[in-house]
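Please look over the sequence and the structure before reading on.

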Amino acid sequence: MKTDLEIAQEAVMEPIGRVAEKLGIPEEALELYGRYKAKISDEYLDQTADRPEGKLILVTAINPTPAGEGKTTTSVGLGQAFGRLGKRAVVALREPSLGPCFGIKGGAAGGGYAQVVPMEELNLHFTGDFHAITSANNLLAALLDNHIQQGNELQIDSRQIVWKRCMDMNDRVLRNIVVGLGNKTDGFVREDHFVITVASEIMAILCLAEDMKDLKKRLSRIIVAYNNAGEPVTAGDLKAVGAMAALLKDAMKPNLIQTLEHTPVIVHGGPFANIAHGCNSVRATRAALKMADYCITEAGFGADLGAEKFFDIKCRMAGLKPDAAVLVATVRALKYNGGVAKADLGTEDLEALERGIVNLEKHIENLQKYGVPVVVTLNSFVSDTEAEVRFVREFCESRQCEFALSKVWEKGGEGGMELAEKVLAVLASEESRFKLLYEDALSLADKIRTVATEIYGAGTVTFTAAAKRQLKQLTELGFGQLPVCMAKNQYSLSDDPKRLGRPRDFEITVREVYVSAGAGFVVALTGDVVTMPGLSRKPSAIGIDVNDNGVITGLF
């Protein structure tokens with residue numbers, strides 16, 4: 001069986017200008033990065049502002065497992081199926097981070113015959129957006145330390161510096177470091193920290209900013225530290241905004257590539273959903289809605305993280321109204337939730353499936369809370385039996401939820417026809433009554449409790465003493481009206497990654513709370529989640545190589 005990389009490398013791609021024509025994008029609106037990648041110009045995006053918007057379809061999933069779910073694969077395959085049906089559709093995705101590419105998760109190009117190409121370039125350096133975000137983040141860090149070194153006019157309290165450096169790599173030894181060692185001219189000695197680029201507030205800001213003016217406003221609000229009086233010090237105070245915006249100028253433009261079947265794909269931004277808000281950029285989604293009749297987008301990890309943040313953060317801020325949600329599951333993943341070992345997932349086990357399907361049940365209930373029509377799709381594996389598929393279908397239909405079988409990994413767009421037709425039928429027959437989970441006026445603590453109890457299924461929420469102090473301070477500083485961005489492990493509905501299925505009435509602990517004032521949300525850290533991941537014992541990086549002809553191998 002061919003690997004995803006081999007399938008992608010055998011693909012015959014169309015010149016990106018021809019792909020752009022399918023969306024009515026003229027050649028002069030493209031900024032080319034070779035033959036198969038391009039950025040869409042700001043001028044052209046401005047010209048589309050008054051167009052009516054198409055239908056917005058969110059693809060989400062159950063909690064991820066080692067068995068695999070295939071959310072991006074489903075998104076890509078659904079877009080390809082829409083194309084086969086003659087529909088004007090575009091897929092809007094996030095950009096991959098190098099951390100997972102060289103770690104254990106893999107990239108973000110889909111799989112099998114439902115992939116985005118050029119796959120290697122997308123998963124590696126792409127068009128340099130992440131480099132620009134990393135550079136802007138670290139420029140601000142350098143300006144902050146230099147300001148203190150040059151006299152500290154703003155009276156920054158070196159014990160209350162909250163801005164962290166970043167890099168787009170899993171490197172655990174950088175989580176907690178000491179900087180400023182050496183001579184007096186090398187800066188002052190202090191503890192510092194790194195986060196992975198996808199957890200940087202700059203990433204969130206770029207993905208939520210409407211335009212350059214909005215970007216600069218958001219950058220200026222970033223809190224980097226507190227002064228000796230306990231007052232916030234911002235990037236605007238450091239006069240860092242102009243230079244940061246200059247670094248981000250080109251990164252603000254969405255990227256256009258294609259699927260294996262030449263369906264247009266807009267890829268832009270890439271915050272993780274377990275430690276950030278998990279959605280591609282507002283600009284990319286808005287552009288897709290203006291250029292096509294159907295925009296298929298995704299949100300990271302399970303619906304408890306990605307979908308909740310898509311609704312309560314992205315849609316809240318951008319005024320978006322999703323028309324339908326596709327919830328991806330696999331028989332293998334459901335049996336894994338039911339206690340079956342990974343090595344035994346290919347054997348029929350209806351009892352384990354019944355035990356594990358409660359995870360899917362909870363995600364269906366959660367999506368229905370938002371008033372959005374839901375279609376469950378079962379990403380097909382050859383080991384699935386008719387009895388297992390029938391069990392999942394009947395389970396979904398008994399809960400007023402549409403169901404479709406997907407074979408996009410094996411057959412591309414052809415394998416997504418049942419799903420595409422089901423989604424189109426739902427769009428035609430059911431009106432979205434989208435609503436947010438909580439109101440802005442609710443207190444920060446109550447917003448956190450609402451997400452934890454309503455979406456995760458927690459019984460109680462415990463705040464550490466530090467978190468209570470931080471909530472009080474943020475409310476006094478005027479940030480109480482912001483939405484919350486929950487940082488939680490992705491593997492379980494709870495804050496314990498080992499509790500699979502549908503844990504109920506558990507206690508969830510919030511250990512730290514801080515504001516991303518530029519992004520416009522308050523982050524609540526739960527459990528042991530970290531903002532700088534580490535590599536596994538056998539990271540994917542050790543299997544990646546490039547041969548004498550420049551062909552990459554081992555990249556999935």
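Asn152 is placed in the loop between helix H7 (129–149) and strand E7 (156–161), where helices (H or I, at least four residues) and strands (E, at least two) are DSSP runs numbered from the N terminus. The model described here is predicted, so that local features need pLDDT of at least 70 and side-chain atom pairs count only at pLDDT 80 or more, while totals for chains, interfaces and linings use all residues. Residues are numbered from 1 along each chain as its sequence is written, and side-chain values use heavy atoms, with hydrogens and water left out.

**Loop residues with particular backbone values**

Asn152 has a positive phi of about 60° although it is not a glycine, and at 13% relative accessibility Asn152 counts as buried; buried means under 20% relative accessible area, exposed over 50%, and partly exposed in between, with a 1.4 Å probe and protein chains only. Asp505, in the loop between E21 and E22, also is a residue other than glycine with a positive phi, here near 50°, but at 65% relative accessibility Asp505 counts as exposed. A further backbone feature is the peptide bond from Val117 to Pro118, which is cis with omega near 5°, and Pro118 itself sits in the loop between strand E6 (114–117) and helix H6 (119–123).

**Cores and a covered strand**

The largest nonpolar core has 150 residues, of which Ile25, Leu219, Ile222, Phe311 and Leu360 touch the most other members; such a core is a set of buried Ala, Val, Leu, Ile, Met, Phe, Trp, Tyr and Cys residues joined through side-chain atoms within 4.5 Å. A second, separate core of 20 residues includes Phe82, Val326, Val328 and Leu424. When neighbours within four places in sequence are left aside, Ile25 is in contact with Ala20, Leu30, Ile40, Tyr44, Leu256 and Met291, contact meaning heavy atoms within 4.5 Å.

Strand E4 (residues 89–93) is mostly covered, with 5 of its 5 residues buried. In a regular strand the side chains alternate between the two faces of the sheet. Strand E4 pairs with E16 (residues 294–298) in the parallel sense over 4 bridges, and Ala89 stands opposite Tyr294 in E16; two strands count as paired if DSSP finds at least two bridges between them. Strand E15 (residues 264–267) is joined to E4 by 3 bridges and runs parallel to it, with Ile266 of E15 opposite Ala92.

**A pair of helices**

The axes of helix H8 (residues 201–208) and helix H9 (residues 212–221) come within 9 Å and cross at roughly 150°, the axes being lines fitted to C-alpha atoms, for helices over the stretch in contact, with angles running from 0 to 180 degrees between N-to-C directions. H8 and H9 are therefore roughly antiparallel to each other, a description used for angles over 145 degrees. The contact is made by Ile202, Ile205, Leu206 and Leu208 of H8 and by Asp214, Leu215, Arg218 and Leu219 of H9.

**An open sheet and its helices**

In another part of the chain, 4 strands form an open sheet in the order E20-E22-E23-E21, with mixed pairing. Strand E20 (460–463) and strand E21 (484–487) stand at the edges, each with a single partner strand, so one side of each is left without a neighbour in the sheet. The twist averages 35° from one strand to the next. Strands E22 (residues 507–516) and E23 (residues 521–526) run antiparallel and are joined by 6 bridges, and the bridge partner of Ser516 in E23 is Phe521.

| Helix | Strands involved | Angle to E21 |
|---|---|---|
| H12 (residues 303–318) | touches E21 and E23 | about 160° |
| H19 (residues 444–456) | lies across E20, E21, E22 and E23 | about 55° |

Val451, in helix H19, is buried with a relative accessible area of 0%. Leaving aside neighbours within four places in sequence, Val451 is in contact with Glu308, Leu437, Tyr438, Tyr456, Val484 and Met486. Asp192, in strand E10 (residues 190–192), is also buried, with a relative accessible area of 1%, and among the residues that Asp192 touches are Trp163, Lys164, Arg165 and Arg175.

Definitions and conventions
Parallel < 35°, antiparallel > 145°, perpendicular 65-115°, else oblique.
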